[in-house]
Amino acid sequence: MNVAIVGASGAVGQEFLRVLDEQNLPIDNLRLFGSKRSAGETRTFRGKEIVIEELTHDSDFSGVDIAFTSAGAGTSKEYAETITRHGALMIDNSSAFRMDADVPLVVPEVNGADALDRPRNIIGNPNCTTIQMVVALKPIDDLSHIKRVRVATYQAASGAGAAAMDELRTQYVQIANGEEPTVEKFKYQLAYNVIPHVDVFTDNDYTKEEMKMFNETRKIMHSDIRVSATCVRVPVLRAHSEAIWVETEKPLSIEEVSEAFAKAPGLVVCEEKDGEKFYPMPLHIADKDPVYVGRLRKDLCDENGLSFWVVGDQIKKGAALNAVQIAQWLLKNDPKFAEPESGR
């Protein structure tokens, strides 16, 4: 299989290189694409130095089977035809096509089969906060339809890219030295602070990030589920956390939900450690593949309600890993990729 990464020099592009190697995806040839600024740089993959090519409208993707794109919505929209015109499948990590009716939005543990219906040869990789939430919602929804979700997110600096992570580190050093902290990647200082503002505000006073959680969840789960979110940036480097409250059509016991969580793919339940209550935290979850869930309990305000806590690595499962898992799902389930006689 021939694979391309578009946006290879960015934080998620670098994570793609790591994840593709860790997941042992069968790759005969890997090509890397980036902006004019990063073109000519090299990256190492499986012991081989690969030169980053400049992405232009003359770039030839004719030999590429799957292109993982993570260079921003504007780049994805501008170059989608260039990437897919010769049959390459584009798995896009931006928000460019997520809500387009003819582009499936896929989390393999939840709706892998949607990846088979892709008329434009584009598959959307959902927003990071949505991905980890729906992995936890799916086993509950299988027991009883979820009517409503209320969620507060605690989002790491990694969600704004590598430069944002560097800025957070720098701010702590600057403050410790009595200097004025550099504030460029976020609206306010993030060190020693939390910012209830992720992405831009929309007309209804929710941010785009919060509305993504509403709209993307409904599309992925093929559901009328309603989601009300408050997204908050916190001074953590990697891994997003979410406090989630759900209301189901019928009451569910903690025991049956806990059992469903334990059996769900891609989900790890944290309950006890050394005889004490234990729960997932970003400190321990960074660089891990699964979504972790803990603090499961009945909602004191609603007999049909549940409350729980979810943590996942935003760069990994929230971006690169989910995209690679889409490719893995297709290798197992789509004859175009799975059959040896296809010549691919």
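Me: Among contacts in the protein chain between residues at least 6 apart in sequence, what percentage join residues at least 24 apart?
Reply: That percentage is 67%, where a contact means heavy atoms within 4.5 Å. This is a predicted model, in which local features need pLDDT of at least 70 and side-chain atom pairs count only at pLDDT 80 or more, while totals for chains, interfaces and linings use all residues. Residues are numbered from 1 along each chain as its sequence is written, and side-chain values use heavy atoms, with hydrogens and water left out.

Me: And how many helices and strands?
Reply: The protein chain has 10 helices and 15 strands, taken as DSSP runs numbered from the N terminus (helices H or I, at least four residues; strands E, at least two).

Me: Switching to H7, which of its residues are buried?
Reply: In helix H7, residues 254-263, the buried ones are Val257, Ser258, Ala260 and Phe261, buried meaning under 20% relative accessible area and exposed over 50%, with partly exposed in between (1.4 Å probe, protein chains only).

Me: Why are they on the same side of H7?
Reply: Because they cover an arc of only 160 degrees around the axis, they sit on the same side of H7; the arc is that of the directions from the helix axis to the C-beta atoms.

Me: What's exposed on the other side?
Reply: Glu255, Ala262 and Lys263 are exposed there.

Me: And what covers the buried residues of H7?
Reply: The cover includes helix H4 (128-143) together with strands S11 (267-269), S14 (291-298) and S15 (305-312).

Me: Back to the whole chain, what percentage of the 344 residues is buried?
Reply: Buried residues make up 52% of the 344, and the C-alpha trace spans about 60 × 60 × 45 Å along its principal axes.
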